[in-house]
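This report looks at how two chains meet and at one annotated region. Please have the structure open while reading.

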Amino acid sequence: MALPVVDTEYLKEIDKARRDLRALIAYKNCAPIMLRLAWHDAGTYDVNTKTGGPNGSIRNEEEYSHGSNNGLKIALDFCEEVKAKHPKITYADLYQLAGVVAVEVTGGPTVDFVPGRKDSKISPKEGRLPDAKRGAPHLRDIFYRMGLSDKDIVALSGGHTLGRAHPERSGFDGPWTREPLKFDNSYFVELLNGESEGLLQLPTDKALLEDPEFRRYVELYAKDEDAFFRDYAASHKKLSELGFSPGSGSKSTANDCTILAQGAVGVAVTVAVVILSYFYEVRKRMK
Amino acid sequence: MVGSIAIDAEYLKEIEKARRDLRSLISSRSCAPIMLRLAWHDAGTYDAKTRTGGPDGSIRHEQEYAHNANNGLKIAIDLCEGVKAKHPRITYADLYQLAGVVAVEVTGGPAIDFAPGRKDSSESPEEGRLPDAAQGVSHLRDIFYRMGLSDKDIVALSGGHTLGRAHPERSGYEGPWTKEPLKFDNSYFVELLKGESEGLLKLPTDKALLEDPKFRYYVELYAKDEDAFFTDYAASHKKLSELGFNPPSL
């Protein structure tokens, strides 16, 4: 599929889809599963082979049937409602926009969103997303493969401030925080608190405490929510743009503008020369 | 008039945090309609001649929230207390207007510009400044012109009925105006032009918008052009939220 043309019309549709997503996500209280959808579409990226990434491929049955995607069909179906009203926007953009709006309506930071991702029908093999039962080396394997850093790993783990795990989906059970529909730094506070009645900590969550590099960020974010919001917004944007070059889709519009501008300059120069020559002639004749 | 307080960078930061807290609160509690009504009822008491009333937080006092027109609004006042407790510096007047702006945003409505700095007042106007749903065209003009608003504002702001419902134990009326009372769109106007619909409410003041040609012009515009409605609504809502208020600069 070719890159979508991100013209004024496309941008207007994105804004309308954004508003529809706000209403949908607020009304259905489905911010957590929408965030997970965006993450699972993007998180398959391999920076070496340049495969996977936020390209809408998760809508293929072969991909949403992966074990790690259990339950995400619910989010795909919600997004279909919005796609139906705004067919022009790509699924890839729609899913990432949903992730951004999910963070926003639950009180999280504003994450910058650049549209223009193209859709792909090619799904990567299962196994590119993290296994919740593993530890620090596994997390690094998975996230470094995407091209992300230690800081990204910890900041993005903060996404567990939203939602819960389900026995029939991941096998784990329960929310990580006391307010699973509120985006804040309580995930990190709870992690440092240790085991808590009714709250979940996956092996991969606990791994953030066991590694000194990761732990440094956990402690920072637990005591400074502004720092967490700032780093989270940057990491989320990075994740949502893995393998995507914002602005490359609008190159054609930029070229058209340049050509027009060059043409206009040429006309102006010619006119100026004609006028000046005329005055020069007039002056010569007056002498 | 609505006094202003001195604002600094710290105050603006608190406003942004309160905005995020309000997004989360309003989404998770599905209380956008009553928050919008709170903002409207605090602001809508303004009298442009006497420069009294307006968005000054006075509705938090029992002498005002006990007015008939404000039945049920204690719920919204209590919800806002949670946010005020986390951000004590921001005035109630700002908080209520910010809640109104966020209510429109999270239900899919237009972005409304918000300028902070309203000062809180403990003086409440007498009962009777807000519109009576049982009345008609001339009453609407009396009430809204008194605030300093126009025919366009009257119709655009009536579009706020895209959200929520009336309650028998509050206003005496019952039911939502539209099929999706938690979705901010132009369906209020579409339904108005359709006529009576099973399960949907039309107050006498809603029907009045069809009876007057100037009002009806806007109803027909907004029913066919949602972008025009959103543009006009955002402007009118901002105007209402700033009646008698001169936003201070940093």
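## Annotated region of chain B

In an unreviewed UniProt entry, residues 90-250 of chain B carry the feature "domain: Plant heme peroxidase family profile"; UniProt positions are given here in the numbering used in this report, with feature names shortened, and such annotations may be inferred rather than shown by experiment. Across residues 90-250 of chain B, the chain is 48% helix and 2% strand, with the end C-alpha atoms 15 Å apart; helices (H or I, at least four residues) and strands (E, at least two) are DSSP runs numbered from the N terminus.

## Basis of the values

This is a predicted model, in which local features need pLDDT of at least 70 and side-chain atom pairs count only at pLDDT 80 or more, while totals for chains, interfaces and linings use all residues. Residues are numbered from 1 along each chain as its sequence is written, chains are lettered from A and ligands numbered from 1 in the order in which they are written, and side-chain values use heavy atoms, with hydrogens and water left out.

## Contact between the chains

The contact (heavy atoms within 4.5 Å) involves 19 residues from chain B and 20 residues from chain A. In chain B, the most area is lost to chain A by Arg20(B), Arg23(B) and Ser24(B), which together account for 28% of what that side buries, buried area being the accessible area (1.4 Å probe) that two parts lose on being put together, summed over both.

Across this interface there are 4 salt bridges (a side-chain nitrogen of Lys or Arg within 4 Å of a carboxyl oxygen of Asp or Glu), and Asp21(B) forms a salt bridge with Lys182(A), with the closest N and O atoms 3.2 Å apart. On the side of chain B that touches chain A, α1 (9-29), α5 (92-106) and α11 (226-241) of chain B each supply at least two residues, and α1(B) gives the largest share, 8 residues.
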